[in-house]
Each structure stands twice: as structure tokens, then as C-alpha cells.
Amino acid sequence: MIGQFPACRPRRLRQSAALRRLVSETQLNVAQLVLPLFVRAGRKLHKPIEAMPGVFQLSPDELLREAAQAHSLGVPAVLLFGIPEKKDSTATGAYAHNGIVQQAVRLLRKELPDLLVITDVCLCEYMSHGHCGIVHTDKRGARILNDPTVKLLARAAVSHAEAGADLVAPSDMMDGRVRAIRTALDHAGFTDTPIMSYAAKFASTFYGPFREAAESAPKFGDRRSYQMDAANANEALREVALDIQEGADIVMVKPALACLDILHRVKTTFGYPTAAYSVSGEFSMIKAAAAKGWIDERGVTLESLLAMRRAGADILITYAAVDVARWIKQA
Ligand SMILES: [Zn+2]
């Protein structure tokens, strides 16, 4: 039973900043932030992504600078996406020993040994058709094949671990890929490399700007045969349960702001380390409205991330990580 007015006056605890801080239930901490970065071949390359102001495709030397800056502000981890020079129908660049992500991991590992390097494990950036798996076309049309795709994903994950990745993060939503990756990592001697799985990843329109950033838009069809339907919450819990059974160490919900209910249910159901991916569309909407003077960028960004924390996220993957780290320091 809770108290009743007038004995109970909730406003008593809101009278000063110090009192409000004293009873604050949720905090944003720089140690929770992960900065996604896009790397491609070249030197001194800083190619802007139009729909994501302040986000760039970077050559490895520039990637190192961005990562070092984030790290110096206390951001503990980066999440790497690669844009290969050549794409093909078997995503060769995804698991090439000297692929762009593998090169970037080695560089970061050498220059910033304390920075956690997480690699996105998927095939879409490396496929000529832009899908996350192998495409088979016959009379019935084009289908994404699950099991052969999973084999390539496992190869990619091992190549990332060999390059020195601290964590691998499969984002493809194929069935059984976490087990295949866990098994492949273990066989290759990487029993201590954790898997952060994109466990509940929805086929979301909020990913729009990312496809320009990663140059991974599908050339035909869409991703609805592998990513989840936005209408489904119970299915998201089943997906997370499967990934945990298969060996996921951290589970992710993506997108974040449109899935706060999912984050909450995942955290309360499983109690696992839970990551929220605040996706490109969330970032771009804030940037665009702020550029027009319609909203306060800092306030809306911090409130959005706090809402993800409140819903149950332990880890916040955000393109705004560097600004957020600065804002937290200033607060
Ligand atoms: Zn993909």
C-alpha cells in the first residue's frame, strides 16, 4: 500500500536538483556507450553521410582518429562496419583475411589496446545484391538461403576474432547463426570471445539512412523474410531465448526507441546484459528537427537514451556517443 495525499506529497522530492539526483532511478554513464563506425579503403578519407550529419565513411587512418577521440572521452567500445572495394555474390570481403574490417581491427588493436573493438558480422555490405545472406533464384523467385549463409557468417566471425576483435556481433537474423559462430570460434581457439547477438532485430524503416552509410541497400525485395515483423513482441522473446540457448553473451534489441516494450520484456524475462541499438533513423530525425530549431538536440538525445536505460538497456549503441560523452562530462 502506498501513502495518500496529504501525508504523501511526491513533489517533496522534486524541490532541488540535489534531491532529484538523490532519488534518480536511472543514470546515463559514458561506460555504457558504443560508437558505430564505418570503415572503407583509402587514406585521409572522410566521406559525409548526407542523412546523418557528423557521421562519415572513414579510411583506416581517420577511423583511428575518431576512435581515439571517442576513447579519450571515455567511450569504451566501437562497433565496426566495413564497406569493401568489391562486392560479389558470396560476400568474399566479409571473411577475407585482409578485408577492410579485419585491417581496421588490427590497427585499432595495436594503437588503442584498451578500446573494445566489436565487429558487426553480416554479409549485406559485401554482397552485390545487398542482402544479408546467399540468394537462390528459381522459378518461384529469389530466396535467402539460411544454412549456407550461416557457414559464411561463422567464417567472418572467426576472421574478425583472428584480427583481434574483442566481441563479435552477428546482425543477419539467420536461424542458428549464434550456435554456428560459437562453435566455429571455439574450434579456432577463441573460447573467450563473447557474442553480442542482434537477437530481436526488426525489419524497420528506421534503418533508412544506415543503408547509405553502409552502402547495403538490397537491390531487390526487402529483408522481411529474415528480420522480424514490427508487430511481434512474443516472437522477439523467442528469438532472444534461442540466441541465449545458442550461446549469446549479450542480447540486442534493434531499433531502440520504437521497441522500448521489447527492451523491457527482454531485460525482465532473461536478466541478460541487454544492448539497445539507437538506429540511424532515430539519429537523423533528431538531427533534422534540431537543425530546423524545432527541438533541442542535446535534451532529446539524452532523454531518448535515458528512456532506453529505463526500459532495461545496459548498453547503448548510438551514433551520438561522442557528443553524449561530452554532455555527460559537462553535466
Ligand atoms: Zn546485413
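E215 is partly exposed, with a relative accessible area of 30%. Here buried means under 20% relative accessible area, exposed over 50%, and partly exposed in between, with a 1.4 Å probe and protein chains only. This is a predicted model, in which local features need pLDDT of at least 70 and side-chain atom pairs count only at pLDDT 80 or more, while totals for chains, interfaces and linings use all residues. Residues are numbered from 1 along each chain as its sequence is written, and side-chain values use heavy atoms, with hydrogens and water left out.

E215 has a charged partner. R40 forms a salt bridge with E215, and the closest N and O atoms are 3.0 Å apart. A salt bridge is a side-chain nitrogen of Lys or Arg within 4 Å of a carboxyl oxygen of Asp or Glu. R40 lies in strand β1 (residues 33-40) and E215 in the loop between α7 and α8 (234-246), so the pair ties together parts that are 175 residues apart in sequence. Helices (H or I, at least four residues) and strands (E, at least two) are DSSP runs, numbered from the N terminus. R40 counts as buried because its relative accessibility is 18%.

The count of salt bridges comes to 14. Another one joins D172 and R177, with the closest N and O atoms 3.3 Å apart. D172 is buried at 0% relative accessibility. R177 is buried too, with a relative accessible area of 1%.

A further salt bridge links D323 to R326, at 3.4 Å between the closest N and O atoms. Both residues lie in helix α12 (residues 321-330), three residues apart, about one turn of the helix. D323 is partly exposed at 26% relative accessible area, and R326 is partly exposed at 31%. Elsewhere, salt bridges that share partners join R40, K47 and E215 into one network.

Now to the nonpolar interior. In soluble globular proteins, nonpolar side chains tend to be buried together. The largest nonpolar core here has 110 residues, and F38 and Y277 touch the most other members. Helix α5 (residues 146-163) gives the largest share of this core, nine residues. Such a core is a set of buried Ala, Val, Leu, Ile, Met, Phe, Trp, Tyr and Cys residues joined through side-chain atoms within 4.5 Å.

Aromatic rings come next. The structure holds seven aromatic pairs. F81 and F210 form an edge-to-face pair, 5.1 Å centre to centre, with 75 degrees between the planes. F81 lies in strand β4 (residues 77-83) and F210 in helix α7 (residues 208-214), so this pair ties together parts that are 129 residues apart in sequence. Rings of Phe, Tyr and Trp (its six-membered ring) pair if their centres lie within 6.5 Å; planes under 30 degrees apart count as stacked, over 60 as edge-to-face and the rest as tilted. F81 is buried at 2% relative accessible area, and F210 is buried at 10%. Ring pairs link F38, F81, Y198, F210, Y277, F283 and Y319 into a cluster.

F210 also meets a charge. K254 lies over the face of F210, 5.3 Å from the ring centre. The charged end of K201 sits over the ring of Y207, at 5.8 Å from its centre. A charge sits over a ring if NZ of Lys or CZ of Arg is within 6 Å of the ring centre and within 35 degrees of the ring normal.

K254 leads on to the backbone. Most residues other than glycine have a negative phi, and most peptide bonds are trans. The peptide bond from K254 to P255 is cis, with omega near 0 degrees. P255 is in the loop between β10 (250-254) and α9 (260-270). The bond from F5 to P6 is also cis, with omega near 10 degrees. P6 belongs to the segment before α1.

Positive phi values occur as well. A91 is not a glycine, yet its phi is positive, about 55 degrees. A91 lies in the loop between β4 and α3 (92-95), and is buried at 0% relative accessibility. M173, another residue other than glycine, has a positive phi near 70 degrees. M173 is in the loop between β8 (167-170) and α6 (177-187), and is buried at 4% relative accessible area.
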